[in-house]
Amino acid sequence: MKEFKILILLIVVIGIIYWGVEPLAHSIMHPKVAPADYTFSDLEKIDLSKGDATKGKTLVEENCTACHGIKSQNIPAPMDNASAAGAYGVVPPDLSDIGAVFDHNFLANFIKNPVKATLLSHKFGENTPYPMPGYDWMSNDDISNIVAYFVSIAPQSLTDAQVFDQACQRCHSVEYAKTYALTPESDLEKYLGAKAPDLSMMIRSRGEHTLSIFINDPQKLLPGTSMPRVGLDQKAEKQIINYLQKIGDSKKAQRDGLGIKIMIFFVVMALLAYAWKRRIWKDLH
Amino acid sequence: MAEIRKADGLIDWLDQRLGVKKLTKVLMTEYWIPKNINFLWAMGVVLTALFTMLVVSGIFLLMYYKPDAKMAFDSVNYTIMQEVAYGWLWRHIHAVAASMIFVIIYIHMFVAIYYGSYKRGREMIWVSGMLLFVVFSAEAFSGYMLPWGQMSYWAATVITNLFGGIPFIGNDVVEWVRGNYVVADATLTRFFMLHVFLLPVVIMILIVVHFYALRIPHVNNQDGEVFDFEAEEKKYIEGKKKESKVIPFWPVFLSKDIFVICAFMIFFFYLVCYHFDFAMDPVNFDPANSLKTPTHIYPEWYFLWSYEVLRGFFFSADLGLIAFGIAQVIFFFLPWLDRSSKVAPAHRRPAFLIWFWLMILDLIVLTIFGKLPPEGANIYVGFVASISFLILFLVVLPIITIVERKKGGAQ
């Protein structure tokens with residue numbers, strides 16, 4: 001009985017230290033922020049219900065394909081990656097999959113005013129224009145036609161890696177997946193003002209929860225960062241986190257499976273050891 | 001040369017040449033331990049088990065680790081964690097055991113303080129134990145650097161910088177320790193050598209000394225009772241096991257320890273597989289970047305209390321460094337700071353009992369505030385706790401024990 005009391009005392013003391021060093025310190029060093037907002041409620045609500053994909057197609061051909069490729073529609077990018085990065089600072093994305101990855105209302109707002117949608121007004125303005133011009137001169141109807149077109153050509157489902165390529169790979173490498181940023185590093189550093197970090201280990205250094213808030217709105221956790229809010233919908237964001245999990249923590253399933261087996265082994269060993277101890281000690285008291 | 005007969009088996013063959021039966025008696029079956037001890041006395045064997053796991057897992061990690069500033073991070077996080085079969089298991093065992101060994105060392109140490117096991121005749125056990133603690137600290141720190149993550153790099157920068165506080169030659173010492181003007185590849189390779197060779201060898205030697213130091217004064221017991229070991233041994237050997245106050249190391253003492261180890265391992269492998277994050281700082285999964293300081297720099301949890309003593313004197317870096325120096329060595333002097341020669345558990349020494357729990361409380365406060373950012377009220381809490389730590393050891397403890405001695409020892 002006395003030994004139980006000692007054990008409980010030990011657990012309480014160690015528990016208090018653990019609480020202070022882990023959850024308490026963590027909550028103070030990383031104060032809680034508002035949860036991820038997948039409705040992008042700060043943006044104008046544009047009515048997308050009457051979008052006409054055929055009209056949109058013409059508009060896209062007239063306005064977008066001078067800079068962007070749409071591989072799935074056999075429209076190649078007008079420049080190779082290196083020259084595009086040289087011209088714009090960063091490689092413009094291919095538009096084949098954007099309707100499946102980005103929130104549709106965000107996409108409409110992005111076309112209208114990219115700086116506002118990406119929350120990069122601290123970086124881009126009159127003197128340092130954003131590489132893509134805003135289409136705020138266009139009517140909301142036309143913009144909704146464009147969005148309707150992108151949605152109509154977007155594939156029904158994408159793999160985690162494809163979502164990652166669309167949303168992140170223009171700037172970020174994932175060395176452990178042998179995936180490298182499309183924009184050359186030197187251009188990127190000039191464009192962003194800093195190197196874009198490699199994402200191989202992000203799942204371990206930031207964790208799922210922080211990543212989901214950060215991807216949804218980078219300014220929330222890192223004010224002033226040059227990473228844009230990319231406007232992923234909840235499903236696409238989850239796929240990206242899955243992807244990073246698979247790359248950065250590829251043995252998770254093995255760990256989860258093995259742990260319980262080792263623990264059961266030691267439970268059995270402990271029972272046997274206890275029985276043995278009882279037998280030896282019964283002569284002593 | 002002894003007379004060699006035809007052996008009747010392998011044991012006998014070895015016994016004639018190496019005296020293995022005598023050795024087993026001296027080390028195990030006739031190495032006597034008091035009977036009235038509780039599971040806290042199993043911590044020594046738990047530590048031995050954990051140290052063995054560290055050595056074995058360390059050897060496996062060594063096969064793939066690259067001590068090169070350009071390759072270290074990826075060799076740990078990619079090669080070992082993802083490519084090598086069960087590399088993650090060895091790494092997690094190594095990291096979790098490194099943290100857990102400090103939990104157990106602290107328990108082991110404070111049990112000794114509680115029961116007065118450092119006093120009268122047992123000073124060498126205490127001093128060799130404290131030496132082990134210090135070398136383990138160096139071992140842990142040098143190992144923490146090896147993955148070459150952000151916190152590794154900046155912890156190394158901060159800790160090596162401490163040597164700059166040495167009068168006159170400080171800056172030269174810092175440069176000598178780092179092997180460069182800044183923490184760089186040379187620093188990594190020399191800490192690698194320390195971690196995998198020099199310090200482990202020193203630890204092993206000290207463990208032997210620590211065990212040997214137990215031989216003559218014997219292990220203390222729950223009541224601090226002094227008894228005639230030779231008479232008690234005789235009783236046990238004669239079969240009066242119930243009367244005898246001692247038990248042999250093997251199999252009696254170890255049968256209990258093995259149960260404690262197995263129970264501990266259930267918890268240990270829960271941590272290894274499901275909750276390893278407590279032993280691995282997330283910041284250390286960012287590769288080292290000499291141009292970007294992390295927002296908060298803090299050591300692993302087991303150094304937090306002395307780190308807080310270091311920065312507790314927020315108004316003077318020199319005072320902080322002096323206090324930190326004292327905190328590092330003060331435990332060594334415990335047998336001489338405690339002036340009462342009576343060996344008794346703290347609950348039979350009322351004033352000492354209060355002192356003991358105040359010290360534990362102060363260490364908990366120092367540990368918790370050692371991690372919190374030094375802002376606002378935190379710096380004053382840190383200051384008060386640091387001052388209290390010094391006063392508790394340098395003033396309160398000697399006074400309490402002198403008064404106790406004058407009253408004729410503990411009740």
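**Note on a predicted two-chain model**

1. Chain A exposes about 15,300 Å², and carbon and sulfur atoms supply 60% of that area. Accessible areas here follow the Shrake-Rupley method with a 1.4 Å probe, and for residues only the protein chains shown count as cover.

2. Ground rules. This is a predicted model, in which local features need pLDDT of at least 70 and side-chain atom pairs count only at pLDDT 80 or more, while totals for chains, interfaces and linings use all residues. Residues are numbered from 1 along each chain as its sequence is written, chains are lettered from A and ligands numbered from 1 in the order in which they are written, and side-chain values use heavy atoms, with hydrogens and water left out.

3. Chain A comes to 14 helices and 0 strands. Helices (H or I, at least four residues) and strands (E, at least two) are DSSP runs, numbered from the N terminus.

4. Overall form of chain A. Its radius of gyration is 26 Å, whereas a compact globule of 285 residues would have one near 19 Å. The radius is taken over C-alpha atoms, and the globule rule is 2.2 Å times the number of residues to the power 0.38. The C-alpha trace spans about 95 × 40 × 35 Å along its principal axes.

5. Packing of chain A. Buried residues make up 45% of the 285. Buried means under 20% relative accessible area, exposed over 50%, and partly exposed in between (1.4 Å probe, protein chains only). Among contacts with a separation of 6 or more, 74% join residues 24 or more positions apart. Contact means heavy atoms within 4.5 Å.

6. Charges of chain A. There are 30 positive and 31 negative charges, and their mean positions are 14 Å apart. Lys and Arg count as positive, Asp and Glu as negative; His and the chain ends are not counted. The place of a charge is NZ of Lys, CZ of Arg, CG of Asp or CD of Glu.

7. Helix 13 of chain A covers residues 234-248. Its 15 residues reach 21 Å from first C-alpha to last, close to the 21 Å expected at 1.5 Å a residue. The expected span is 1.5 Å times one less than the number of residues. Its buried residues include Ile240(A), Ile241(A), Tyr243(A) and Leu244(A), and also Glu237(A). Their cover comes from both chains: it includes helix 14 (252-281) of chain A and helix 4 (72-83) of chain B.

8. Two helical sites in chain B. Ser137(B) sits in helix 6 (residues 123-145). Ser137(B) is buried, at 13% relative accessible area. Beyond neighbours within four places in sequence, Ser137(B) touches Phe102(B) and Phe303(B). Val396(B) belongs to helix 16 (residues 378-406). Val396(B) is partly exposed, at 28%. Phe352(B) is 44 residues from Val396(B) in sequence, and 9.6 Å away C-alpha to C-alpha.

9. Backbone points to check in chain B. The peptide bond joining Trp250(B) and Pro251(B) is cis, with omega about 0 degrees. Pro251(B) falls in helix 11 (residues 249-274).

10. Positive phi in chain B. Tyr86(B), not a glycine, has phi near 55 degrees. Tyr86(B) lies in the loop between helix 4 and helix 5 (87-114), and counts as partly exposed at 35% relative accessibility. Phe168(B), also not a glycine, has phi near 65 degrees. Phe168(B) is in the loop between helix 7 (150-162) and helix 8 (170-178). At 87% relative accessibility, Phe168(B) counts as exposed.
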